[in-house]
Amino acid sequence: MGDRLSTAKRAGRHRVVRADGRPAEVEDLQVLIADLLAMLGEQPRRNGLLKTPERVAKALRFMTQGYQQDIERLLNGALFPIDYDEMVIVKDIDFFSLCEHHLLPFFGKCHVGYIPNKKVVGLSKIPRVVDAFSRRLQVQERLTVQIAETLQSKLNAHGVGVVIEARHLCMMMRGVEKQNTIAVTSSMLGVFRSQQQTRDEFLKLIRRGSVGDPD
Ligand code: ZN
């Protein structure tokens, strides 16, 4: 009981939720992680764990930095007018996210395609958009839709397709304990939804081997 009280007091002294809605400082997070270690039955002051709260706090901040990223700013200045209305595909984009149900990683590959409408976006910006949405607490379905809808609205494209293939540690390490299961989600907008031929072309192109792969 005494321990519990001191934990509550400490959490109260460090303002965990800030009035301006910004995330807590790393120092505040550290206090919570140290408490968590103790609650798991560990001794946070033993040698191997001394720096763990700080490391975990920093890692968590890194893995959730998407909340601070301004997608508007990321894309503005990277849009270029062009007379090209064939499909653009950026595939096999590695991503890492945290499932919002267990705070465990899910990770895999994201494939993005779009058909430009008088403008394109710098190719390197597409993985940046994927990072901005994946470095948050997520569910795979919402991540897929957010990437697709953002590109659709910022590019005013004729259509956007996004496919995500991911492994979820919460399925692998616990729960159903299925180690080889891959969850696939897709979001098809505009012509990717209305024209089967466009959708099929996209799906065929993302399934082809990568450049440099043996045939
Ligand atoms: Zn989960």
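Q: A salt bridge is a side-chain nitrogen of Lys or Arg within 4 Å of a carboxyl oxygen of Asp or Glu. What is the N to O distance when the side chains of Arg 135 and Asp 131 meet?

A: Heads-up: this is a predicted model, where local features need pLDDT of at least 70 and side-chain atom pairs count only at pLDDT 80 or more, while totals for chains, interfaces and linings use all residues. Residues are numbered from 1 along each chain as its sequence is written, and side-chain values use heavy atoms, with hydrogens and water left out. Side chains of opposite charge can pair when their charged atoms come close. For Arg 135 and Asp 131, the N to O distance is 4.0 Å.

Q: How confident is the predictor, and over which residues is the pLDDT below 50?

A: pLDDT is the predictor's confidence in each residue, from 0 to 100. The chain has a mean of 90, with 89% of its residues at 70 or more. Where pLDDT is low, the predicted coordinates should not be read in detail. The stretch where it falls below 50 is residues 1-9.

Q: Which residue does Glu 72 meet in a salt bridge, and in which helix is that partner?

A: Glu 72 pairs with Lys 154 at 2.9 Å, N to O. Helices (H or I, at least four residues) and strands (E, at least two) are DSSP runs, numbered from the N terminus. Glu 72 sits in α4 (residues 71-75), and the pair links distant parts of the chain, 82 residues apart. The partner is Lys 154, in helix α6.

Q: Which residues coordinate the zinc ion?

A: Donors are N, O and S atoms within 2.8 Å of the metal (3.2 Å for Na, K and Ca), and since water is not among the atoms, sites may look incomplete. Here the donor residues are spaced C-x2-H-x67-C in sequence. Cys 99 lies in strand β2 and Cys 170 in helix α7, so the pair ties together parts 71 residues apart. At 2.2 to 2.3 Å, the coordinating residues are Cys 99 (SG), His 102 (ND1) and Cys 170 (SG).

Q: How many residues are in the largest nonpolar core?

A: A nonpolar core is a set of buried Ala, Val, Leu, Ile, Met, Phe, Trp, Tyr and Cys residues joined through side-chain atoms within 4.5 Å. In soluble globular proteins, nonpolar side chains tend to be buried together. Phe 95 and Ile 147 are among the members that touch the most others. The number of residues in this core is 32.

Q: Which residues is Ile 147 in contact with, leaving aside neighbours within four places in sequence?

A: Contact means heavy atoms within 4.5 Å. Ile 147 belongs to the largest nonpolar core. Its contacts are Cys 110, Val 112, Val 130, Phe 133, Val 162 and Ile 164.

Note on methods. Buried means under 20% relative accessible area, exposed over 50%, partly exposed in between (1.4 Å probe, protein chains only).
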